[in-house]
Amino acid sequence: MKIAQYLKVVTSSLHIGRGWVWVMFPLFLSSCGLYNQYERPEVNTTGIIRDPVSLVDTLKASADTTTFANLPWREVFTDPQLQKLIQQGLDKNPDLLNAALNVHMVESQLKMAKLAFLPQVTFSPQGTLSSWDFGKASQIYSLPLNASWTADLFGNILNQKRSTQMALLATKDYQTVVKTKIVSGVANMYYTLLMLDRQLEIVNDMAGLTKDTWDMMKLQMQLGRYRSTSVQSAEAGHYSVLAQTEDIKRQIREVENSLSLLIGQPAQTIQRGKLADQKLPEKFSTGVGIQLLKNRADVHAAEMQLAGSFYDVNAARAKFYPSLTISATGSYTNSGGMGIVNPGKILASAVASLVQPIFMNGRLTAALRVAEDTYEQNYNKWQNAVLSAGSEVSNALVAYNAYDAKSKLEAHQVEVLKKNVEDTRALVSSSTSTYLEVISAQNSLLNAEISKVTDDFNKMQAVVSLYQALGGGSK
């Protein structure tokens with residue numbers, strides 16, 4: 001009723017009939033929703049993170065709001081060499097530099113959207129000389145100052161500004177996503193190098209062991225205990241191990257090249273520590289599922305895209321309503337359309353125009369449908385981003401527990417196989433065992449040691465994946 005009373009007062013003062021009020025009143029009521037602000041739709045995050053042990057139960061919501069992701073990356077990755085590499089990546093990675101430029105561009109777009117509320121002012125001086133039959137020339141000049149302002153009656157400009165604000169937040173989220181990927185990517189490649197270094201040490205040790213076996217076989221052949229085929233098998237086993245060293249060296253060089261590219265430097269040797277010296281957290285708090293909406297920058301970016309499309313729908317609806325434009329011109333001129341006067345005088349004018357779209361070849365309707373469909377698409381993307389985040393956390397937890405258990409079992413296996421190799425070599429010396437048993441024992445030990453180092457690396461990689469999946473690395 002307040003709106004109706006206000007319209008009655010305005011129209012009576014302008015000597016406009018009351019009938020116009022009741023025609024425009026429903027229009028004003030129907031436009032009220034155009035100013036609504038975005039509110040997060042319903043999303044169920046209960047149980048989106050599965051228990052890493054049980055195949056059925058889910059992690060219960062905890063009152064603990066401190067999660068593993070809230071730790072700064074320097075507290076998670078404490079190796080000084082790794083910290084130096086991560087910082088270099090954050091300073092020089094081209095993707096992160098471009099992400100910062102994207103933020104600057106959207107900030108400029110937001111400034112433009114805010115300035116759209118202000119009038120446009122132009123200054124366009126003009127001068128004319130004219131004469132008849134090359135007679136005395138008449139001089140006409142004008143120094144006009146033009147101003148034009150579009151009243152945002154139905155929130156078109158407001159919703160465009162809000163949509164740009166959401167785009168800015170999404171762009172900043174993308175910058176955080178890139179930062180998190182760099183932190184986790186550098187850590188994963190660094191740990192890969194440490195794993196390969198350790199595997200190379202194991203293979204080199206095994207190469208020496210197989211060389212001793214080969215030499216022992218040659219001595220036994222001279223004593224007539226083995227045939228030449230036994231020596232050949234031992235020799236082949238030795239060179240097979242040497243071939244593995246070349247493969248590991250190639251992998252080390254490739255990882256160093258990839259890591260150098262990630263941190264924005266020419267391909268070169270990476271200074272690094274030892275796998276056994278690495279210390280990573282072993283106890284994790286994932287927090288409640290709803291925290292993924294806060295910590296995960298990609299999830300938040302998806303929601304900001306959803307919010308932006310919400311305002312795009314409002315802006316598309318606002319285009320169906322009238323637009324009011326007020327223009328004013330003030331100029332100092334000697335030509336007012338009624339002859340030339342000197343000196344000039346000030347001429348002022350003002351015009352107000354109201355434009356109501358009636359038939360626009362279906363463009364407004366089509367634009368609204370596109371905006372609504374885009375909103376639905378972004379809603380689906382946001383929902384999927386939430387579920388994907390929960391799945392990634394669950395996978396990382398399962399991987400950590402699985403590789404931790406495997407590494408402990410393989411540690412026992414390695415100890416047993418080391419004893420087996422020693423005993424078998426002793427038996428060969430006393431001619432109570434065959435060369436095949438020695439080679440088999442050595443191969444089993446090599447495979448077990450390589451497997452344990454790989455699983456230790458996979459366990460460390462699971463920690464990095466969990467940190468990234470929980471949205472860590474941005475602090």
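**Pocket and cores in a predicted model**

Okay, let's start with the lining of the largest pocket: by class, that's 12 nonpolar, two polar and 11 charged residues. Charged here is Asp, Glu, Lys and Arg, nonpolar is Ala, Val, Leu, Ile, Met, Phe, Trp, Tyr, Cys and Pro, and the others, Gly among them, are polar.

Quick caveat: this is a predicted model, where local features need pLDDT of at least 70 and side-chain atom pairs count only at 80 or more, while totals for chains, interfaces and linings use all residues. Numbering runs from 1 along each chain as its sequence is written, and side-chain values use heavy atoms, with hydrogens and water left out.

Back to the pocket, which holds about 600 Å³ of space. Of its 25 lining residues, Leu275, Ala276, Lys452, Asp456 and Met460 are the closest to the centre. H11 gives the most to that lining, seven residues.

And the inside? The largest nonpolar core has 59 residues, with Phe77, Leu82, Ile86, Val186 and Tyr191 touching the most other members. A core means buried Ala, Val, Leu, Ile, Met, Phe, Trp, Tyr and Cys residues joined through side-chain atoms within 4.5 Å, buried being under 20% relative accessible area with a 1.4 Å probe, protein chains only. H6 brings the largest share of this core, 16 residues. Apart from it there's another core, of 20 residues, including Tyr38 and Trp382.

Notes:
1 Å grid on protein atoms, 1.4 Å probe; cavity = no way out; pocket = protein on both sides within 12 Å on 5 of 7 lines; lining within 4 Å. Points joined across faces, edges and corners; volume = space filled by probe spheres on them. Helix = DSSP H or I, 4+ residues; strand = E, 2+ residues; numbered from the N terminus. Buried < 20%, exposed > 50% of the residue type's maximum accessible area, 1.4 Å probe, protein only.
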